[in-house]
Amino acid sequence: MSYKRILTIQDISCVGQCSLTVALPILSASGNETCILPSAVLSTHTGGFKGYTFRDLTDDIPAIVKHWLSERINFDAFYTGYLGTARQVELVMDIINSPLRLPDAHIIIDPAMGDNGVFYKGMDDNFLQSMRRLVCMADIIIPNITEACMLTGIGYRMDYDEDYIRRIVDGLLTIIGNNKTVVLTGVGFRSGETGVGVYTSGSSYHYPHVKLEKNVSGTGDIFASAFTGALLNGISTQESAKIAADFTLAAIKETIQNPVHWYGVKFETVLGEYIQKVCVSPQDVAKI
Ligand code: PXL
């Protein structure tokens with residue numbers, strides 16, 4: 001199995017099972033070297049906790065990057081999640097354009113900005129403008145429907161059909177380039193169903209699964225991290241999306257009955273199942 005070095009750039013929410021506290025364990029579990037660039041440190045995520053602290057680390061980023069360049073460090077993949085400010089998004093673009101990037105590096109961008117039709121706290125149109133430029137640098141983007149609507153300017157709808165989703169996907173592919181891939185999360189066409197879609201200009205694949213009512217911060221990060229780990233191991237985009245969806249669903253199932261654990265999902269308890277699926281040779285994946 002290959003062993004890749006990935007850089008993931010997102011915040012540390014000290015409590016809340018999202019961003020780096022899920023990306024680091026999941027990517028490491030996929031058997032790849034995981035390096036981190038924390039964009040900010042928050043006491044908790046912003047989805048339901050009150051009075052959280054927020055330490056912006058934007059000013060530390062240039063010196064960290066300068067040091068890595070002087071050490072001739074480079075990466076096989078970049079995966080970004082929640083970024084705190086528009087300036088950080090600009091710095092991430094500089095990183096991706098720098099010698100830190102190996103020639104065939106994967107660029108995977110989760111344009112984490114919002115959910116249920118609205119921005120996360122602290123995000124705004126200025127941030128969106130920067131994110132529109134960052135996604136153009138990606139090979140693969142992993143938005144939810146809210147983020148896809150924000151990026152394309154298409155109105156957010158809770159009720160939709162396949163034509164609406166195709167319109168959004170076409171809009172995204174126009175922005176990022178037709179040879180790229182859109183992995184759209186939270187897409188379901190029947191009641192009680194959600195799922196993930198994997199779209200290129202010439203292909204579309206939808207993996208439906210049951211919709212469990214546990215709408216918490218971090219499930220998108222769990223999905224994107226699990227997807228990225230699988231992809232780095234040579235597994236196809238469609239199969240990686242399926243593995244990541246199954247893993248996220250299993251984590252939600254672990255947590256759904258527990259009202260005390262309202263702020264995230266217990267992905268740790270199902271990591272073993274994920275490892276069994278992604279730490280195999282690509283030829284064997286189809287047999288699992
Ligand atoms: O991607 C989810 C996320 C990550 N980081 C922070 C957040 C959220 C969602 O609420 O608040 C700080």
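The model is a predicted one.

With that naming, Gly-31 sits in the loop that joins α1, residues 20–29, to β2, residues 33–44. One distance for orientation: Gly-31 and Phe-75 are 44 residues apart along the chain, and their C-alpha atoms are separated by 15 Å.

Next, Thr-228. This residue lies in helix α7, residues 219–232. Thr-228 has 0% relative accessibility, so it counts as buried. What does its side chain reach? The side chain of Thr-228 comes to 2.7 Å from the backbone oxygen of Ala-224. Again not counting residues up to four places away in sequence, Thr-228 is in contact with Ile-6, Leu-27, Tyr-79 and Ile-108.

Now the helix pairs. Two packed helices are described by the angle between their axes and the distance between those axes.

Take α3, residues 86–96, and α4, residues 125–135. They pack at an angle of about 15°, and their axes are 8 Å apart. Angles under 35 degrees count as roughly parallel, so α3 is roughly parallel to α4. On the α3 side the contact is made by Ala-86, Val-89, Glu-90, Val-92, Met-93 and Ile-96, and on the α4 side by Asn-126, Phe-127, Ser-130, Met-131, Arg-133 and Leu-134. By class, that contact has eight nonpolar, two polar and two charged residues. The crossing of α3 and α4 is left-handed.

The other pair is α5, residues 145–152, with α6, residues 162–176. Here the packing angle is about 55°, with the axes 9 Å apart. That angle makes α5 oblique to α6. From α5, the contact uses Ile-145, Ala-148, Cys-149, Leu-151 and Thr-152; from α6, it uses Tyr-164, Ile-165, Ile-168, Gly-171, Leu-172 and Ile-175. Which classes are present in this contact? There are nine nonpolar residues, two polar and no charged ones. The crossing of α5 and α6 is left-handed.

That is what I have for today.

Note on methods: Residues are numbered from 1 along each chain as its sequence is written. This is a predicted model: local features need pLDDT of at least 70, side-chain atom pairs count only at pLDDT 80 or more; totals for chains, interfaces and linings use all residues. Side-chain values use heavy atoms; hydrogens and water are left out. Axes are lines fitted to C-alpha atoms, for helices over the stretch in contact, and angles run from 0 to 180 degrees between N-to-C directions. Helices (H or I, at least four residues) and strands (E, at least two) are DSSP runs, numbered from the N terminus. Angles under 35 degrees count as roughly parallel, over 145 as roughly antiparallel, 65 to 115 as roughly perpendicular and the rest as oblique. A crossing is left-handed if the near helix is turned anticlockwise from the far one by less than a right angle, and right-handed if clockwise. Contact means heavy atoms within 4.5 Å. Ala, Val, Leu, Ile, Met, Phe, Trp, Tyr, Cys and Pro count as nonpolar, Asp, Glu, Lys and Arg as charged, and the others, Gly among them, as polar. Buried means under 20% relative accessible area, exposed over 50%, partly exposed in between (1.4 Å probe, protein chains only). A polar contact is a pair of N or O atoms within 3.5 Å; within protein, one must be able to donate a hydrogen and the other to accept it, and residues adjacent in sequence count only if both atoms are side-chain atoms.
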